[in-house]
Amino acid sequence: MPCHSPSIGNDENPLVKMTADRPFADPDKAARRLLEHARAFEPIQDGRIYIEKLNGPFLFIDRGTPAEYRAGLELAVARGWLELHDSGTYVKFTPAGADLFA
């Protein structure tokens, strides 16, 4: 009788398939999805978009992971699409980010 689970070493393991097809594993896709969420929110005072208007839908509706969210947000900031306030409580579209939807 084997001393380990029959699924060990089995390429047909369903858990592997579920995690392998993550739509936001690519930071570019995650960043663009965050931009879509930001665009859907009506900015308030001086163009601010509260961070929870991005992370809530991304994490709980889109089912992205916190790591995918962070990678997407960092990429959007690095590419100059969003400006993240030092406090981390809100973002603003940059002109380059706004041009993506023009």
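**Entry 1. Aromatic residues**

I looked up the burial of F24 and found it buried, as is F58; buried denotes under 20% relative accessible area, exposed over 50%, and partly exposed the range in between, with a 1.4 Å probe and protein chains only. I note that the model is predicted: local features require pLDDT of at least 70 and side-chain atom pairs count only at pLDDT 80 or more, while totals for chains, interfaces and linings use all residues. I follow numbering from 1 along each chain as its sequence is written, and side-chain values use heavy atoms, with hydrogens and water left out.

F24 and F58 make a tilted pair, at 4.9 Å centre to centre with 45° between the planes. This pair links distant parts of the chain, 34 residues apart: F24 sits in the loop between helix 1 (14-20) and helix 2 (27-40), and F58 in helix 3 (residues 52-61). Helices (H or I, at least four residues) and strands (E, at least two) are DSSP runs numbered from the N terminus.

For F58 and Y69 I found ring centres 6.0 Å apart and planes at 50°, so this pair is tilted. Since F58 belongs to helix 3 and Y69 to helix 4 (residues 66-78), the pair ties together parts that are 11 residues apart in sequence. F58 and Y69 are both buried. I record F24, F58 and Y69 as one aromatic cluster.

**Entry 2. Salt bridges**

I searched the whole structure and found 7 salt bridges, each requiring a side-chain nitrogen of Lys or Arg within 4 Å of a carboxyl oxygen of Asp or Glu. R22 and E68 meet in one of them, at 2.9 Å, N to O. R22 lies in the loop between helix 1 and helix 2 and E68 in helix 4, so the pair ties together parts that are 46 residues apart in sequence. R22 is partly exposed at a relative accessible area of 29%, whereas E68, at 9%, counts as buried.

I next took D62 and R33, whose side chains form a salt bridge of 3.0 Å, N to O. They stand 29 residues apart, with D62 in the loop between helix 3 and helix 4 and R33 in helix 2. D62 is buried at 16% relative accessible area, and R33 is partly exposed at 25%.

E74 is partly exposed at 44%, and R70 is exposed at 57%. I also noted that D28, R32 and R79 are joined into one network by salt bridges that share partners.

I traced an open sheet of 3 strands in the order 1-3-2, with antiparallel pairing; two strands pair if DSSP finds at least two bridges between them. Strand 1 (49-50) and strand 2 (82-84) each have a single partner strand and stand at the edges, so one side of each lacks a neighbour in the sheet. Strand 2 and strand 3 (residues 90-93) pair over 3 bridges in the antiparallel sense. I looked up E83 and found K92 in strand 3 as its bridge partner.

Definitions and conventions
Rings of Phe, Tyr and Trp (its six-membered ring) pair if their centres lie within 6.5 Å; planes under 30 degrees apart count as stacked, over 60 as edge-to-face and the rest as tilted.
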